[in-house]
Amino acid sequence: MNSSAGRRALVVGAGIGGLTAALALSRVGWQVTVLERTPELGEVGAGLSIWPQAWKILADLGVADRLVDGTRPAIQAGLRRPDGRWLAKVGADAAERTPVMVHRARLHEALVAELETRDGVEVRTGVTVTGLSDLDDLDRVDPRGPADVVVAADGIRSTIRNELHQREDVRYAGYTAYRGVTAEPVPGEASTTGGETWGTGVRVGYVPLVDGRTYWFVTANRPEGETGGDHHADVIALVGDWHDPIPQLLAATPPSAVLRGDICDLRLPLKRFDHGRVVLLGDAAHATTPNLGQGACAAIEDAAVLAAQLAGHARVESALVAYDRTRRPATSRLVRASRLVGALGQIDNGPAVAVRDAGLGAIAGLLSR
Ligand SMILES: Cc1cc2nc3c(=O)[nH]c(=O)nc-3n(C[C@H](O)[C@H](O)[C@H](O)COP(=O)(O)OP(=O)(O)OC[C@H]3O[C@@H](n4cnc5c(N)ncnc54)[C@H](O)[C@@H]3O)c2cc1C
């Protein structure tokens, strides 16, 4: 059954979740209007791991081909100590089980480029939705009548979620993240290895992107909201003497390109993702710490499930209930597991670090999921 003909969705937020939802809905015949508060479409950020289940969705939507051509080289990944000793290695052979590493801005551009080929999709920038009444106002002046569905893809600090749930659900995880991408490919270990290195209250991760440059991040336990300073100098002070190729990666990254942001997630559980014709998607529904590298993947999966349910149900409300039942348990598990991995990775007590390191094989299994 396809119940999509002539249906119309309003999507709030043109991040990875909102744009993928617009594409997926357009593919099942919906008309879509995307409302985005920034004056122009675009993303900053650094690397994103796109795991196979999300990559398949991007491939089906015509986006993957815009990001990668040819085969991806296998890399040796795993978990190390700051002195470089491998604690656990993850197979370098299985490209189909490992994520595709893309630059966030490139993925965003690819989604926009694919949307531009679709009829019936309109993206309005410079529109900040201050609450659900704004959407009712839009409906009133729309000659086509009210939208059938409102997709709230407005990110971790979602205005719509806060209005529906009447509380602010975001919480600080206790650590901040620095992120960067090298200006050029760095030869040697930086292009043949990847993974994480766990120290005491500090972690480093790096992995080559599909374009040959290397994405890296550093997390450190810090008070919430600490800003300013020289981020590049901070990371060199934290991990500049750790194993190769970490010093080379930092040296190959322009200081102005180092980003910093506190890591937050959403308190659990949200009681539901669906509220009448309104549905939460992506970080608005289930923002997670990035320890499993799956937040954007989950948003992409949300989009695919939402479109499939809307195409398969005659009643919008039934489709949204089915979406909620599918996506809420799966994403709740993700948020919990990611939080746990972060808590382990950020242990800053010496004896506890020793105990943790003794059991890292099991943790590596979780990371390589
Ligand atoms: C350090 C870090 C590393 C990460 N690494 C990975 C990774 O490797 N792999 C992975 O899968 N995920 C990763 N993630 C998670 C991923 O970035 C997010 O899950 C994903 O970007 C969420 O997309 P979204 O579209 O739901 O929200 P967002 O990207 O936040 O987009 C929300 C959009 O809504 C707009 N908006 C907000 N409010 C309004 C409003 N009131 N009116 C109109 N527009 C509005 C915003 O401007 C924005 O464009 C990482 C996250 C962090 C912090």
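Which backbone atom is 3.0 Å from a nitrogen atom of the ligand? It is a polar backbone atom of Gly293, a polar contact being a pair of N or O atoms within 3.5 Å, where within protein one must be able to donate a hydrogen and the other to accept it, and residues adjacent in sequence count only if both atoms are side-chain atoms.

Before going further, a word on conventions. This is a predicted model, in which local features need pLDDT of at least 70 and side-chain atom pairs count only at pLDDT 80 or more, while totals for chains, interfaces and linings use all residues. Residues are numbered from 1 along each chain as its sequence is written, and side-chain values use heavy atoms, with hydrogens and water left out.

Let's stay with the ligand for a moment. Arg104 places a polar side-chain atom 2.5 Å from a ligand oxygen atom, and Asp283 has a polar side-chain atom 2.7 Å from an oxygen atom of the ligand.

Now to the open sheet, whose six strands follow the order β7-β2-β1-β8-β15-β14 with mixed pairing. Strands (E, at least two residues) and helices (H or I, at least four) are DSSP runs numbered from the N terminus, and two strands pair if DSSP finds at least two bridges between them. At the edges stand β7 (121-125) and β14 (274-275), each with a single partner strand, so one side of each has no neighbour in the sheet.

With β1, β8 pairs in the parallel sense over four bridges, and Val11 stands opposite Val151. In a regular strand the side chains alternate between the two faces of the sheet. In β8, Val149 and Val151 point one way and Val150 and Ala152 the other, and all are buried, meaning under 20% relative accessible area with a 1.4 Å probe and protein chains only.

Helix α1 (residues 16-27) lies across β1 (8-12), β2 (31-36), β7 and β8, at about 170° to β2. Helix α11 (residues 316-345) lies across β8, β14 and β15, at about 15° to β15. These angles run from 0 to 180 degrees between N-to-C directions, with axes fitted to C-alpha atoms, for helices over the stretch in contact.

Elsewhere, strand β4 (residues 77-80) is covered on both faces, with Ala77 and Leu79 on one side and Gly78 and Arg80 on the other, all buried. Four bridges join β4 to the antiparallel strand β5 (residues 86-90), and Gly78 stands opposite Lys89. Their hairpin has five residues between the strands, and Gly84 takes a positive phi near 100°. β4 also runs parallel to β10 (residues 195-198), through two bridges.

Finally, the interior. A nonpolar core is a set of buried Ala, Val, Leu, Ile, Met, Phe, Trp, Tyr and Cys residues joined through side-chain atoms within 4.5 Å. The largest has 72 residues, and Ile50 and Leu107 have the most contacts inside it. Helix α10 (residues 295-312) gives the most to this core, with nine residues. Apart from it lies another core of 17 residues, including Val204 and Trp216.

Technical notes: Buried < 20%, exposed > 50% of the residue type's maximum accessible area, 1.4 Å probe, protein only. Contact = heavy atoms within 4.5 Å.
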